[in-house]
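User: I would like a close look at a single part of this protein. Please set the part in its context before going into detail.

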Amino acid sequence: MAKTPSFTCTACGATHTKWSGRCDACGDWNTIVEDAGLSAGGKKSLGANRGSAIQLTDLQTEESPPPRTHSGIDELDRVLGGGLVPASALLVGGDPGIGKSTLLLQAAAEFARAGVKTIYVSGEEATAQVRMRAKRLGLSDAPVQLAAETNLRNILTTLEAEKPGLAIIDSIQTMWSDTVDSAPGSVSQVRSAAHELTTFAKRKGVSVILVGHVTKDGQIAGPRVVEHMVDTVLYFEGERGHQFRILRAVKNRFGPADEIGVFEMTGRGLEQVTNPSALFLSERGKPSAGSVVFAGIEGTRPVLVELQALVAPSPHSQPRRTVVGWDGGRLAMILAVLEARCGIPFAGLDVYLNVAGGMKISEPAADLAVAAALLSAREDAALPEGAVVFGEISLSGALRPAPQTENRLKEAQKLGFTTALAPSGGKAIETSGIKVQQMHDLTSFVGEVFGA
Ligand code: TYD
Ligand code: MG
């Protein structure tokens, strides 16, 4: 059967029938490559063996949930949904150099100490290098087995013989299978290696953790192409130059998908930060213009974050809009609402927005805090001292209550804040020691806070 050429985006895995410079699915440029491994033909007849199906009601229900293994690193266990589930496949993605190998070597040591037979397969470093790193992290005595190998067949043979409880593959982009004739790191190689490893995990009851580098060029497939194959997807994030790292669950078949774990990169590896709620507040003296504290929620925990805005006359015909740690599209929306509903224009002004401490915020509840930071910077007027802000802004300019209002207020009060500026409505807000100023829409917020 004739093979029709197929093209795949190395960033998101979308397939296309023809080449183009930009992927329609994810919008990235120069990421589409011809895929050697796919063909449109193939076997058309039915299989020789019948698969078996059983009634859902016939399944033996176990009283207790599947036993999970705890690494003892609480920040990791929580992101996993309470520990490692046997025979599960995980993906840990992140930028090169962010600390994935460090985290997983530490996790490997802890799981091994907890009694899980663990193999750490490195395709990037020699075993001596991994051992050196382990020594630096103070883990030389951990009962972890090391292997330096990139040939998938050899790895599967080793796993078959050793029968570990957990195998860590660092990284999936370095693995190659001889059944696929394209270079290691290509979409078909990465997919095929991930597929073989995840099916092996399910069949043999071995948990596998795949490490995936987030790539910027189109030559190497990114972790997104295997996201759909695994049970759990975690991303390790952080800004270079900041010591804080955040492990974020974006998909989890066995637990909540919005949980984060916070770590600090130190000279002795990653250390967990068990109470991160005040971590992303910079040294606060007198409140300054453009700085606002957002009372946020990350997963199950409240986290207070400082947002900083700078608004200045632009020398360019097209003013700059620069955002670090938040969504640029959402910033454009807030600026449009401020202009259309409150009559406060930002035309001709450069706008910079920064989330302190290298944190990334995705909650819509940050809208009002962003608007407050922008207004405060534009008017050169600080917010009242000891105030936190949260709430979602709709396109009409109305404010919508944020989920878990009570948790946000409690945490703000615990950290010494005295006032909260929040939307009205929603569940009755218990004001225990913190004054809540409630507002219906953005116009009344501007009036009350900035007296305009
Ligand atoms: P690494 O785990 O190799 O990153 P990845 O596997 O995601 O590519 O981490 C590399 C960085 O971490 C490197 O810049 C040095 C830093 N680091 C420390 O600061 N302290 C340590 O103890 C270790 C092991 C690494
Ligand atoms: Mg690495």
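Into which domains is the protein chain divided? After that, take me through strand β5 (residues 118-122): what does it pair with, and is it buried or exposed?

Analyst: This is a predicted model. The protein chain is divided into domain 1 (1-39), domain 2 (73-274) and domain 3 (291-450). Strand β5 covers residues 118-122, and domain 2 spans 73-274.

Start with burial. β5 is mostly covered, with five of its five residues buried. In a regular strand, side chains alternate between the two faces of the sheet. Here both faces are covered. Thr118, Tyr120 and Ser122 lie on one side, and each of them is buried.

Next, the pairing. β5 runs parallel to strand β7 (residues 166-170), and five bridges join the two. In this pair, Ser122 stands opposite Asp170 of β7. β5 also runs parallel to strand β6 (residues 145-148), through four bridges. There, Ile119 has Gln145 of β6 as its bridge partner.

Now the wider setting. The C-alpha centres of domain 2 and domain 3 are 37 Å apart. Nine residues of domain 2 contact six residues of domain 3. On the domain 2 side, the touching residues are three nonpolar, two polar and four charged.

Key. Residues numbered from 1 in each chain as written. Chains lettered and ligands numbered in written order. Predicted model: local features only at pLDDT ≥ 70, side-chain atom pairs only at ≥ 80, totals over all residues. Domains from an automatic or database assignment. Contact = placed C-beta atoms within 7 Å. Nonpolar A, V, L, I, M, F, W, Y, C, P; charged D, E, K, R; others polar. Buried ≥ 20, exposed ≤ 12 C-beta atoms within 10 Å, placed from the backbone. Pairing = 2+ DSSP bridges.
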